[in-house]
Amino acid sequence: MAKTLYVIGNGFDLAHGLETKLCCFRCFLKYKDDDSRKFLEAISKYIPFNETWSNFEEALGNIDSDQIEENAMWFAQSTSDENFSDSSWGDPGFEASEAVAFSSAIPKYLREWINSIRIEGKSKFHFSDDALFLTFNYTNTLESIYVIPKNRICHIHGDCLKNTILICGHNDP
């Protein structure tokens, strides 16, 4: 007998009442603590937080290097430039790398946010007993609500409950 493969996305979590929209992640960062607010401020310079997860992920894979270079060049201004100030001192290469340092912190904040979401409720769907699952979600909704064994689920972007690397966006290893 052929097994059924279910491909699960964020609509599945939303259907179960989980607050897993991109705007929910933004709110988590905004109100969690000072470090998360600084992270939100840094990432918001380059990544749109006002659209969907797919737009966010695409933007991660296509960060505008010209914008980063332009922002970093502020630190290479001549002292005779009328816009020069004490904050203009610095190495543009260092400043450029600092400008996108947020990218290495994305999995940390994503894991903290996902682990803060309470997964509870009733099942809304019926799955065959031999079904396999490919999920793009970081949550453990299948395991928690449907009690699906982990060996039948592939978390394509990583599993927040396991100590695995979370994959964020396109072109991420």
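Guide: Helices α3 and α7 cross in a left-handed way, meaning that the near helix is turned anticlockwise from the far one by less than a right angle. The model is predicted, so local features need pLDDT of at least 70 and side-chain atom pairs pLDDT 80 or more, while totals for chains, interfaces and linings use all residues. Residues are numbered from 1 along each chain, and side-chain values use heavy atoms, without hydrogens or water.

The axes of α3 and α7 (lines fitted to C-alpha atoms over the stretch in contact, with angles from 0 to 180 degrees between N-to-C directions) come within 10 Å and cross at roughly 130°. That angle makes α3 oblique to α7, a class left over after under 35 degrees (roughly parallel), over 145 (roughly antiparallel) and 65 to 115 (roughly perpendicular). Where they meet, D35, S36, F39, A42 and I43 of α3 are in contact (heavy atoms within 4.5 Å) with F102, A105, I106 and Y109 of α7. These residues divide into seven nonpolar, one polar and one charged.

I43 also belongs to the largest nonpolar core, which has 28 residues; F25, I43 and W113 touch the most other members. Such a core is a set of buried nonpolar residues joined through side-chain atoms within 4.5 Å, buried being under 20% relative accessible area with a 1.4 Å probe. Helices α2 (22–32), α3 (34–44), α4 (53–61) and α7 (102–116) each supply at least two residues of this core, and α7 gives the most, with seven. Leaving out residues up to four places away in sequence, W113 touches E19, T20, K21, C24, F25, F28 and W53. Apart from this core lies another, of ten residues, including F12, A131, Y146 and I148.

Methods: Buried means under 20% relative accessible area, exposed over 50%, partly exposed in between (1.4 Å probe, protein chains only). Helices (H or I, at least four residues) and strands (E, at least two) are DSSP runs, numbered from the N terminus. Ala, Val, Leu, Ile, Met, Phe, Trp, Tyr, Cys and Pro count as nonpolar, Asp, Glu, Lys and Arg as charged, and the others, Gly among them, as polar.
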